[in-house]
Amino acid sequence: MKSQEQLKREVAQAAVAYIRPFFGADAVIGVGTGSTADLFIDELAKHKAEFAGAVASSERSAARLREHGVRVLDLDETDRPLPVYVDGADEINPLLQMVKGGGGAHTREKIVAAASERFVCIVDETKCVDLLGRFAIPLEVIPMAVPIVMRKVAALGAIATLRAGFTTDNGNPILDVAGMQLADAREMETTMNAIAGVVTCGLFALEPATVVMVARQEGVDIRE
Ligand code: 5RP
């Protein structure tokens, strides 16, 4: 039986093959964050001569890309949509809606995804769920708003826990929200985004993935 690490590596390799048609001398690739994205970076870097560079959704991914000799651009250095953004997820449902932010990078992930023409989500089969919400929903929050956001979340019937010892690349804390009713993930994303002090909610339901690539014991499934 393949380990989760092997499955992540297989989907990372498959993702590079999948996005090769988007490579070119001017192509800038959007790159996500996390252990699956790290493996994707390692594979992507083998083809660094075939594209111009990458925009990363975190300092961690930017550092890994640079270590491999891939040119890293800031998003504001690009003058057109990125052809593709590739990233992992903590959960993904059949509508390709996701929970992200286990690594606390979901604000920049949402920005780079929004700046891209397609979002290719790469996961191993443990991330596929029918209903989102078993994984707590991360909220990046402005520091002074932590107590009020916790109270507003409690009023929605859920429990927010401050992620201990963690600050995002933007200098903000994360609240992990457990117990949300997520039958309508789009509505819940809208509700959480509307709480004053929330920078970004880790639900990606309003703008789901374009494609999901799922590594299973039998091979990699692609669903668009
Ligand atoms: C980071 C993320 C990651 O994509 C998500 O946490 C999945 O990570 P991994 O590939 O390590 O399981 O959203 O903010």
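Predicted model: local features only at pLDDT ≥ 70, side-chain atom pairs only at ≥ 80, totals over all residues.
As to confidence, the chain averages a pLDDT of 96, with 100% of the residues scoring at least 70, and the model has an ipTM of 0.98 and a pTM of 0.96.

**Exercise 1**

Work out how helices α2 and α3 are arranged relative to each other, and which residues make their contact.

*Solution.* Two packed helices are described by the angle between their axes and by the distance between the axes. Begin, then, with the axes of α2, which covers residues 35-44, and α3, which covers residues 59-67: these axes come within 10 Å and cross at roughly 20°. Because of that angle, α2 is roughly parallel to α3, given that angles under 35 degrees count as roughly parallel. The next step is the handedness, and here the crossing of α2 past α3 is right-handed. Turning to the residues, Ala-37, Asp-38 and Ile-41 are the ones in α2 that meet Ser-61, Arg-64 and Leu-65 in α3. Sorted by class, this contact of α2 with α3 holds three nonpolar residues, one polar residue and two charged residues.

**Exercise 2**

Describe the shell of residues around the ligand, stating which residues come nearest and which helices contribute.

*Solution.* Start with the count, which is 17 residues around the ligand, and note that Gly-34, Thr-36, Gly-88, Gly-102 and Gly-103 come nearest. Then look at the helices, where α2 and α4, the latter covering 106-114, each supply at least two residues of the shell. Finally, divide the shell by class, which gives two nonpolar, eleven polar and four charged residues around the ligand.

Conventions. Residues numbered from 1 in each chain as written. Axes fitted to C-alpha atoms, helices over the stretch in contact; angles between N-to-C directions. Helix = DSSP H or I, 4+ residues; strand = E, 2+ residues; numbered from the N terminus. Parallel < 35°, antiparallel > 145°, perpendicular 65-115°, else oblique. Left-handed = near helix turned anticlockwise from the far one by under 90°. Contact = placed C-beta atoms within 7 Å. Nonpolar A, V, L, I, M, F, W, Y, C, P; charged D, E, K, R; others polar. Near = placed C-beta within 6 Å. pLDDT = per-residue confidence, 0-100.
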